[in-house]
Amino acid sequence: MRLVFAGTPEVAVPALDALIASERHEVVAVVTRPDAPAGRGRRLVASPVAERAEEAGIEVLKPNRPRDEEFLARLREIGPDCCPVVAYGALLPKVALDIPARGWVNLHFSLLPAWRGAAPVQHAILAGDQITGASTFLIEEGLDSGPVFGTVTEEVRPTDTSGDLLTRLAFAGSGLLAATMDGIEDGTLQAVPQPADGVSLAPKLTVEDAQVDWAAPALRVDRVVRGCTPAPGAWTVFRGERLKLVAARPLPGEEGLDPGDLAVGKNHVHVGTGSHAVELLWVQPQGKKPMRAADWARGVRIAPGERLGAADVR
């Protein structure tokens, strides 16, 4: 089939690579979000998908909105048979959905109908799921509600961050998406409607969602830190400023600390929660690079009675 691939971030690149490598299909163009400011200089930078497509000599389309008439006209000229999608980042209007004969097929990083929305991996970790996966489905106008072509499963490991898990799913899902294109092309694969039961939603996490509540159980604190890493980044308050929590771990059996209370040793920083303590492993103070929590504690010279999570953020 003639394919137009739609995707934007690094996590979409493995799927694009898998389709470029396919001997059965041709990626004739790529659709991605417009260049965005990045870095200290805030200069415009192309998306990872755009960079990979340009390396491969593939035409790149960067519409401000996928309903722009100039983009739609070019898509009609190209005449794709199917448009595979991975984390494109914009809603597709029906006028665009109707152009490819075989539709737009999305690779979504959950086992649908679970975790429909922008942050399925983060929500799987926050919920304590032990198994997640990826699904390919035919895009309809609803939110991730179209019929499913296929799935792959992936274990959620006890120490996984959302970044760790998403990286594994990106590579497992790339093979699933390529196989889905094969099955659509030769007619051996039919999409199956999603069940009405088991629907859950995974909206994008906000900075407020990522604030750690030290009165919650240690297991919940651990999930928030892992689920919000690398983005939007779990955080707490120390001396009125935000302190980013890069890595932590629960300490079963370590009790005796009230929520937010600190116990600092030569090589460790323990924090009380609503159950047992957690150990801070890596933190990132405002304006600084990530550092070991014990090094941070020595540098700020924590006084008796100081705690995390108190006072307003400056």
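## Terms and basis of the model

A residue is called buried when its relative accessible area is under 20%, exposed when it is over 50%, and partly exposed in between, with a 1.4 Å probe and protein chains only. Helices (H or I, at least four residues) and strands (E, at least two) are DSSP runs, numbered from the N terminus.

This is a predicted model, in which local features need pLDDT of at least 70, side-chain atom pairs count only at pLDDT 80 or more, and totals for chains, interfaces and linings use all residues. Residues are numbered from 1 along each chain as its sequence is written, and side-chain values use heavy atoms, with hydrogens and water left out.

## Backbone background

Most residues other than glycine have a negative phi, and most peptide bonds are trans.

## Cis peptide bonds

The loop between helix 7 (218-227) and strand 10 (235-238) holds Pro230, and the peptide bond that leads from Thr229 to Pro230 is cis, with omega near 10°. Pro232 is also found in the loop between helix 7 and strand 10, where the bond joining Ala231 and Pro232 is a cis peptide bond with omega of about 0°.

## Positive phi values

Asp144, which is not a glycine, has a positive phi near 50°, and its place is the loop between strand 8 (131-138) and strand 9 (148-155). With a relative accessible area of 12%, Asp144 is buried.

Arg239, likewise not a glycine, has a positive phi of about 55°, and lies in the loop that runs between strand 10 and strand 11 (241-250). The relative accessibility of Arg239 is 39%, so this residue counts as partly exposed.
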